Amino acid sequence: MLIRLKRWIQRNRLLLLLFMVGAAVRVLYAGAIPGGLNQDEASIGYEAFSILHYGMDRNGITLPIHLIAWGSGQNALYAYLSIPFVYLFGLNLVSVRMVSMLFGLVGMVLFYLIAKRVFKKEAAALSSAFLIVICPWHIMMSRWALESNIFPTLVLLAVYFLFKAFEQPRWLVGFTITIGLSLYAYGTAYFFVPVFGLSVLALLAVKQTIKRSVLVWNSVLLFVLAAPIGLFLLVNRLDRPMMSFLFSIPKLTVPRVEQVSSAFEGQPLAMLSHHFKSFLQLYLTQNDGLLWNAIPTFGYMYPLALPIIGIGIIYGAYRLVVQFRVETAVIGLWLGTALLMTLITDVNINRINIIFYPTVFAAAAGLVWLHKHIKYALAIAIAAFSVYFGLFCGQYFTSYSKQISPMFYESFGEAIAYASDATEGTVYVTDDVMMPYIYVLFYERISPQLYLDTVDYINPGGAFQFVRSFGRYQFGKPTIQSELEAAYVVSNSAPLPAEELGYQIKKFKNYTVVSGKGNQEKTDAHVSFRNGGFEEGQQHWRLTLGAGVAGNRPFGGTKLMYLDPGKDQRASQTFVNPASGEHSLSAMVSANAEGGAIGVLVNGRKVQEQFIAAREEYTKIQLPAVSIAEQDLVTVYVQGGSGWVNIDDVEWTLQK
């Protein structure tokens, strides 16, 4: 055994070196770059933890085949695959990213093995291995835990089993099981798998590559594997109740499958054309504007790859015509199905990630053609790609890590852990972070039952349900209060009280924790609510830079207050309440998108808040009355949302 291994290493030194380099750039600093966690990573990691320890997800669904997550769903396969690593290493950043890393490593090997079958020459297979090792898309995909990241490599594994089945038909069951499992990996599989699967079935039947009886029973097996996800789609498409067997088929608040079917409603041709134009722009520029998907300078495969990819596609099509081979046809069907999928998909790199393995195969075919027809072209191309790869690594592990850090909310988990330990009271957490509640669940490993028993949603039933509070955690724009046992997690750019007032302040990379009772004074607040109609301009109100007073469309009088789009936009008025009793807040509000809120703080504690609906005509919002004592410090606030917000005739009323 050892002698055989030694001989293999001696014969494959270059290949082994390539795989070692590929492994290094996919695993090195895996827990630090990207620093922090994306909200989808935190969600999928917590779901794995919750199912492992409690048998249900955070929405209380037992063994779901699809996660409800934020409301509109998250694919479940990545969470289930993560369970062994969460069990072995605990819930942390590395254990959550372990599946992506392993799929990245396996993907390199599979790509090389498939290339050997497609090109039939070791030099071409080595060139293919070189391209996948240095591919920026594949490297970046392997280093963070987005659930869609495993979908392309599952299809790659399925194709490997398919090629094995051409010699030994029993391997076809590997193709069937793997392609069936991919339906649970990402939503685009609902289109890709049926189209690609039927195309491959037709190809094998026509070419009589595998016996029809074997094809038939594998088709039946695929149908059985697909049945649960098919039921899930029907339950949510037809608005049926949740179903439970050995596993659960959940009902989402708003099913994302509607986004795909909408391509065939209204003006379908215009929508299909729009999607394809967006895809072409992405494919040719190699950039979707999302830094976690591609570094603009390098794209998904470096700028110099585009003409080589084009040559490879043309060369591959030519070879199919003059010397048809089933292996080449399968890769062509993969690419063709992925291109069809772009017509119905609002594209970015991770949504159309299924197209990039065949794209790299096309680049390899382009190198093969160049090597055959232009002297030294292969050596020059390899050298140029190597330079780009070196530059990419230099940027990824240095300046890029600093750029991506705030986008992945690095140090937010540390701040949450510190704040939770710093007080037994309420922890106020900034909502400058997307879905901050999921980070509390992740880093504090809170029981899903406690979450379910205490969660308060701002917009229950929405596609993305925003959490106002659960347990002792409250989310929003923390107002630091005096004489209150609490802790506050805020961004480093937020104003902070002086430590001399009795607060403890702990700074992390991007976030700060304020704790302790403190002894702030109220002397800067005026008595009674004032200027609710904004006829005195901004008098008595505190506004962010994106908020102001204007006269373009007031509800009453001559002026109104506006907030530009963004949850960081805010207007507030703080005053000393002059008389005890039941008080209520009302206002006339207009907004062109959801996400905003209007609410009341009493002595820094949120007591009322209401979500602002998307309605451009003015609508009256009346918050329920709250009991407030004389001399309480009251803050009335309006927070921006996804679009603009107009507000007028704000009233603070003592109920009689």
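User: At what angle do helix α1 and helix α2 pack?

Analyst: This is a predicted model, in which local features need pLDDT of at least 70, side-chain atom pairs count only at pLDDT 80 or more, and totals for chains, interfaces and linings use all residues. Residues are numbered from 1 along each chain as its sequence is written, and side-chain values use heavy atoms, with hydrogens and water left out. Helices (H or I, at least four residues) and strands (E, at least two) are DSSP runs numbered from the N terminus; axes are lines fitted to C-alpha atoms, for helices over the stretch in contact, and angles run from 0 to 180 degrees between N-to-C directions. The axes of α1 (residues 2-11) and α2 (residues 13-27) are 5 Å apart, and the angle is about 85 degrees.

User: Which residues make the contact of α1 with α2?

Analyst: Contact means heavy atoms within 4.5 Å. From α2 come R13, L15 and L16, and from α1 come W8, I9, Q10 and R11.

User: Where is T337, and what does T337 contact beyond its neighbours within four places in sequence?

Analyst: T337 lies in helix α15 (residues 326-342). Its relative accessibility is 3%, so T337 counts as buried; the cut-off for buried is under 20% relative accessible area, with exposed over 50% and partly exposed in between (1.4 Å probe, protein chains only). Leaving aside neighbours within four places in sequence, the contacts of T337 are F191, F192, V195 and F196.

User: Which residue ranges does UniProt list as "transmembrane region"?

Analyst: UniProt positions are given in the numbering used here, feature names are shortened, and annotations may be inferred rather than shown by experiment. The entry is unreviewed, and the ranges it lists are 85-111, 123-140, 183-204, 216-235, 300-318, 324-345, 352-370 and 376-397.

User: How far apart are the end C-alpha atoms over residues 324-345?

Analyst: UniProt lists residues 324-345 as "transmembrane region". The chain there is 77% helix and 0% strand, and the end C-alpha atoms are 31 Å apart.

User: Which helices do the buried residues of α9 pack against?

Analyst: Helix α9 (residues 172-181) has seven of its ten residues buried. Those are L172, G174, F175, T176, T178, I179 and G180. They pack against α8 (151-165), α10 (189-207) and α11 (212-237).

User: Which strands stand at the edges of the seven-strand open sheet?

Analyst: The order is β6-β7-β8-β5-β9-β11-β10, with mixed pairing; two strands pair if DSSP finds at least two bridges between them. Each edge strand has a single partner strand, so one side of each is left without a neighbour in the sheet: these are β6 (456-457) and β10 (504-507).

User: Which helix lies across β5, β7 and β8?

Analyst: This helix covers residues 436-444 and runs at about 150 degrees to β8. Its name is α20.

User: Over how many bridges do β16 and strand β22 pair?

Analyst: Strand β16 (residues 570-576) is mostly covered, with six of its seven residues buried. In this strand F575 is the bridge partner of H526, A571 is that of L543, and S572 stands opposite Y637 in β22. β16 and β22 (residues 633-639) pair in the antiparallel sense, and the number of bridges is seven.
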